[in-house]
Amino acid sequence: MPGKQAKILAAHQIDNLLLYAETTRYPLRDRAIVLLSVKAGLRAAEIANLTWDMVLDPNGTVGTSLELRDCAAKKRHGRIIPLHADLRQALSALQGTSDPSRPVVLSERGSKMRARSIVIWFSRAYRAVNLDGCSSHSGRRTFITRAARLVHRAGGSLRDVQLLAGHRSIQTTQGYIDGDSDAQRALICLI
């Protein structure tokens with residue numbers, strides 16, 4: 001990937017970001033924004049374009065997976081993402097009595113929050129928790145890197161990570177994955 005990449009977040013940094021979200025004027029919404037990024041790997045524009053009918057099951061409750069439709073995804077490359085338990089709980093808390101066609105993330109005025117506003121929200125949040133080099137894409141890079149490191153435990157492959165990320169090319173997915181020098185040393189010892 002050309003240019004400077006967003007930093008990967010450590011577990012304690014994600015916790016700090018979630019603690020920050022609790023202090024905002026819209027803690028349920030803001031917790032969902034963070035978790036949609038780090039637990040589902042969504043881009044800012046995808047978070048902004050997500051509607052309740054992509055999240056709810058036929059009974060009107062938050063389902064076990066998120067169906068990011070082509071109309072909401074970058075380059076119209078939608079995908080189905082199983083929901084992490086924490087994200088599912090956050091979406092359930094946020095749901096209320098929302099109309100299924102309404103956006104999941106709303107602005108202060110009750111309208112769809114724009115992608116740029118989500119980027120700005122992340123910028124302010126990272127500044128508030130003293131994280132330099134992070135952006136709205138940090139959660140996505142964290143998601144993809146963690147998924148790539150753990151996919152073998154689930155019996156999957158890098159192709160599964162590619163599908164979750166919504167990348168057309170495996171090379172794009174590989175560009176997101178951060179190397180780990182400790183893992184590299186351990187690997188050399190195994191050879």
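**Close-up 1. Antiparallel pairing of strand 1 with strand 2 in the predicted model.** Strand 1 (residues 65-68) and strand 2 run antiparallel and are joined by four bridges, where two strands pair if DSSP finds at least two bridges between them, and where helices (H or I, at least four residues) and strands (E, at least two) are DSSP runs numbered from the N terminus. Glu67 stands opposite Ile80 in strand 2. In strand 2 (residues 79-82), Arg79 and Ile81 make up the covered face, whereas Ile80 and Pro82 make up the uncovered one. In a regular strand, side chains alternate between the two faces of the sheet.

The model is predicted, with local features requiring pLDDT of at least 70 and side-chain atom pairs counting only at pLDDT 80 or more, while totals for chains, interfaces and linings use all residues. Residues are numbered from 1 along each chain as its sequence is written, and side-chain values use heavy atoms, with hydrogens and water left out.

Close-up 2. Leaving aside residues up to four places away in sequence, Phe122 touches Leu17, Ile33, Val34, Ser37, Ile47 and Ser136, contact meaning heavy atoms within 4.5 Å.

Close-up 3. Arg43, found in the loop between helix 2 and helix 3, is buried, with a relative accessible area of 11%; buried means under 20%, exposed over 50%, and partly exposed in between (1.4 Å probe, protein chains only). Not counting residues up to four places away in sequence, Arg43 touches Lys74, Arg79, His137, Arg140, Ala165, Gly166 and His167.

Close-up 4. The structure holds zero disulfides, a disulfide being a pair of cysteine sulfur atoms within 2.5 Å. Cys71 is exposed at 56% relative accessible area, whereas Cys134 counts as buried at 17%. Asp132, in the loop between helix 5 and helix 6 (138-150), is exposed with a relative accessible area of 64%. Asp132 and Pro100 are 32 residues apart in sequence and, C-alpha to C-alpha, 37 Å apart in space.
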